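Please look over the structure shown below before reading on.

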Amino acid sequence: MKGDLDHRIARATELSEVYPGSREILSFYRELAVFQKSVSEDLQARRETDVRALVRYFPALLNVVSANGPPPLTSFADVNLETSAQQEEALLACWEGELSADPAHRDTGRFYARVLLQPYAEYLASRGDIQKEAAEPRCPFCNALPVVGVLRSEGDGAKRSLLCSLCGTEWQYRRVICPSCGEENKDKLPVYVAEQIAHVRVDACDSCQTYVKSVDLTKDGHAVPVVDELATVALNIWAEEHGYTKFEPNLLGM
């Protein structure tokens, strides 16, 4: 897990030069990943498994966001995450899937909770025995939705995996099927690729109008799927302009 975070940090630094339009996003993500690495190391040292213990890291997280993030995130925290009780409530709501019905409150609150829950969930997943040949579109460990697909070489083609948005578990999943609605008709599952970003593609579904981005490691073996998905925000904009909604937002809500 430490290695994974190190790779994410290094890749975010590298891609900030490759994709100038995403530099601000990647710089913010890099600072969050550095923070998550410190949380991960502390959790492992303490052998901590109680989700409520994550409240202790909130002050440091608020400082990272205040120094590096957009002002609306800090303004939200000043009002809604001022006390440890509010912070614990936000963590538990996200962990237990009981988020606010108000979209603005839900999405911003989930951002803070997920920054802390990701290293925690990854730590728990590293201790578990996970069935990684799951047939469902939800994570076989924590039941969260996938944030990105991953393509790896297999014979003359490529096999697809899905990567959990919370605990980082990767599990095998069929290529020709929509993870949102289960559509299997390939004519309703278009794939869009931009020539300038050939290793990241949009796997769309014309039945439910959702999409998942997939990172093709056969085209770029140095890619780090979570980071490359963030860096290629131009594909998100294109997909949404064409009527598709992302199946599951990434850490930054995109």
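Leaving aside its neighbours within four places in sequence, which residues is Ser-165 in contact with? This is a predicted model, in which local features need pLDDT of at least 70 and side-chain atom pairs count only at pLDDT 80 or more, while totals for chains, interfaces and linings use all residues. Residues are numbered from 1 along each chain as its sequence is written, and side-chain values use heavy atoms, with hydrogens and water left out. With those neighbours set aside, Ser-165 is in contact (heavy atoms within 4.5 Å) with Arg-114, Gln-118, Ala-144, Leu-145, Pro-146, Val-147 and Glu-248. Ser-165 sits in the loop between β2 and β3, where helices (H or I, at least four residues) and strands (E, at least two) are DSSP runs numbered from the N terminus. With a relative accessibility of 6%, Ser-165 counts as buried; buried means under 20% relative accessible area, exposed means over 50%, and partly exposed lies in between, with a 1.4 Å probe and protein chains only.

Turning to the whole protein, there are 8 helices and 7 strands, and 49% of the 254 residues count as buried. The C-alpha trace spans about 50 × 40 × 35 Å along its principal axes. A compact globule of 254 residues would have a radius of gyration near 18 Å, and the protein, at 18 Å, agrees with this; the radius is taken over C-alpha atoms, and the globule rule is 2.2 Å times the number of residues to the power 0.38. Among contacts between residues at least 6 apart in sequence, 61% join residues at least 24 apart.

Beyond its neighbours within four places in sequence, Tyr-112 is in contact with Phe-58, Leu-61, Leu-62, Val-65, Leu-73, Thr-74, Phe-76, Ala-77 and Leu-81. The C-alpha atoms of Tyr-112 and Leu-62 are separated by 8.6 Å, although these residues are 50 apart along the chain. Gln-172, in strand β3 (residues 170–172), is partly exposed, with a relative accessible area of 36%. From Gln-172 to Asp-220 there are 48 residues in sequence and 19 Å in space, C-alpha to C-alpha.

Two helices show how burial can be arranged around an axis. In helix α4 (residues 71–80), the buried residues are Leu-73, Phe-76 and Ala-77. Seen down the axis of α4, these buried residues fall within an arc of 100°, so they line one face of the helix; the arc is that of the directions from the helix axis to the C-beta atoms. On the other side of α4, Pro-71, Pro-72, Asp-78 and Val-79 are exposed. An α-helix has 3.6 residues a turn, so residues three or four places apart point the same way.

Helix α8 (residues 233–241) has Val-233, Leu-235, Asn-236 and Ala-239 as its buried residues. Viewed along the axis of α8, they fall within an arc of 150°, so they too line one face of the helix. The buried residues of α8 pack against α2, β5 (200–205), β6 (210–216), α7 and β7 (245–246). Just after α8, Gly-243 takes a positive phi of about 90°.

Where are the pockets, and which residues line them? On a 1 Å grid over the protein atoms alone, a pocket is an open set of points where a 1.4 Å probe fits, with protein on both sides within 12 Å along at least five of seven lines, and lining residues have an atom within 4 Å of a point. The largest pocket has a volume of about 640 Å³, a volume being the space filled by probe spheres set on the points, which are joined across faces, edges and corners. Its lining has 32 residues, of which Asp-4, Arg-8, Glu-122, Leu-163 and Gly-168 lie nearest the centre. At least two lining residues each come from α1 (2–18), α6 (103–126), β1 (146–154), β2 (157–164) and α7 (225–231), and α6 supplies the largest share, 5 residues. By class, the lining of the largest pocket has 17 nonpolar, 8 polar and 7 charged residues, where Ala, Val, Leu, Ile, Met, Phe, Trp, Tyr, Cys and Pro count as nonpolar, Asp, Glu, Lys and Arg as charged, and the others, Gly among them, as polar.

The second largest pocket has a volume of about 380 Å³ and is lined by 18 residues, of which Leu-73, Phe-111, Leu-251, Leu-252 and Gly-253 lie nearest its centre. Two or more of the lining residues of this second pocket come from each of α2 (23–46) and α6, with α6 giving the most, 5 residues.
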